[in-house]
Amino acid sequence: MSERGKKDVVIVGGGIAGALLAKRLQDHAHVTLIDPKEYFEITWAALRSMVDLSMAERSTIHYSEFLPHVKLVTSWATNVTENEVFTSNGDNVQYDYLVIATGHVNTDPVTRSESILKYQTALDNIRLSKSILIIGGGPTGVELAGEIIDQFPEKKITLVHRGSRLLEFIGSKASQKALEWLTSKKVEVILGQSVNLTTEEGVFRTSSGETIIADCHFDCTGKPLGSSWLKDTIFSGSLDLQKRLAVDTNLRVKGFKNIFAIGDITNISELKQGYLAMRHAELVAKNVRLLLKGATENKLAAYKPARPIAFVSLGKKDAVAQLNCFTLSGCLPGLIKSGDLFVGKTRKTYGLEP
C-alpha cells in the first residue's frame with residue numbers, strides 16, 4: 001500500500017499498451033511505470049518519421065505530458081517476486097497489482113532528443129544514398145520501402161525477403177497486391193533469400209550468391225519478444241513454447257490473481273497489432289479499477305480475441321488491407337490509414353492535442 005493510502009500498481013513497459021494503461025489508472029492508484037526510455041512513442045509512425053521529421057516530433061512524447069501523476073522509473077526490469085519488481089538500476093518497487101507490457105525488445109535511445117536525432121540521421125542517410133537495401137518483407141520492410149519511394153522516387157530500392165511471399169502474416173492476395181505496388185514503383189523485390197551483413201561496406205551478398213550494391217541498408221527482420229528476462233522470475237512456468245505469457249480471459253497471467261499481461265507479450269490468438277494492445281490496456285484498466293473497488297472476480301470483464309484486420313501503408317496515399325476474408329488495395333484503404341497513420345487519433349486517446 002502506498003503512502004497516500006492508494007494501492008500500488010506497477011506497469012512494466014511503457015509502450016502503446018503500458019502507457020495507455022498508466023493514463024487510465026493514474027487517478028485511481030499509485031502508479032509506477034518502469035521503462036528504459038524517458039518518452040513514449042507511437043511506434044507505427046516510426047517508418048514515416050525516417051523520411052519526415054515532423055512526424056517524429058508528433059509521435060515521440062514525454063511521458064510527463066499525459067502521465068502527470070505517474071512515477072517513472074527509467075530502467076529495465078530484471079526480476080519479479082510475489083510483491084516486488086527489481087530493476088537494473090537497483091530499484092525494487094513494491095506492488096499490489098502488476099501488469100507486464102514489455103512487448104518486443106527495442107534498442108531505442110533513452111531520451112526524446114536522442115530519438116529525434118536518430119530519425120534525423122536515418123533521413124540524412126536516405127537523402128545521401130542513391131541505392132538502398134531493405135532486408136525483410138514483413139510489414140516493417142514493406143512500409144519502409146513505401147515511405148522511401150513515396151518521398152524519394154528517384155532512389156533505387158532493393159527489398160530482400162527470406163520468405164516465399166511478402167507480408168506472410170496475412171493472406172496471399174494482400175501479399176500479391178503489395179508486391180505489385182512495389183514493383184510498379186520500380187522497387188526490386190527478391191524473395192526466398194537472406195542477406196549476409198558481414199561483407200565489405202556497400203556490398204551485400206544473398207544466400208544464393210547474388211551481389212547487391214547499396215549505399216545504405218535497413219534491417220527490418222523483426223525484433224525478439226521482450227520476455228527473455230521473465231524465464232528466471234515467478235513467471236517461468238507461465239511462458240508458452242513461443243515465450244509468451246499465458247493469460248486467462250480477464251488478461252491475468254495464469255496462476256496469478258493480481259498480475260496481468262497486455263500487448264504482444266501475451267499468448268492471445270490474434271494478430272499482434274498496436275490497436276489491439278490498446279484494447280488490452282482498456283480492458284485491464286477496467287478490471288483493475290473494479291478490483292480496487294473490491295469487486296468479485298465474476299464481475300471482471302472478459303477479452304474476446306479480435307478477427308484478423310490489417311492495414312499496411314504504401315506511402316502516404318495507398319495501402320493494402322485485409323478485412324477478415326476480404327482484401328483491398330490502393331487509395332481507399334490508403335484514405336483510412338496512410339495519410340496520418342492514425343497519429344492524430346492516437347494522440348487524442350492519450351489526452352494530447354492531435
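Tutor: Two strands pair if DSSP finds at least two bridges between them. Helices (H or I, at least four residues) and strands (E, at least two) are DSSP runs, numbered from the N terminus. The model is predicted: local features need pLDDT of at least 70, side-chain atom pairs count only at pLDDT 80 or more, and totals for chains, interfaces and linings use all residues. Residues are numbered from 1 along each chain as its sequence is written, and side-chain values use heavy atoms, without hydrogens or water.

Student: Which strands are at the edges of the open sheet?

Tutor: The order is 12-11-10-16, with parallel pairing. An edge strand pairs on one side only. That picks out strand 12 (188-191) and strand 16 (216-219).

Student: How many bridges join strand 10 to strand 16?

Tutor: Strand 10 spans residues 131-135 and runs parallel to strand 16. Ile-134 faces Phe-218 of strand 16. The bridge count is four.

Student: What angle does helix 5 make with strand 11?

Tutor: Helix 5 (residues 139-151) packs on the sheet, in contact (heavy atoms within 4.5 Å) with strands 10, 11 and 16. Axes are lines fitted to C-alpha atoms, for helices over the stretch in contact, and angles run from 0 to 180 degrees between N-to-C directions. Against strand 11 (156-161), the angle is about 175 degrees.
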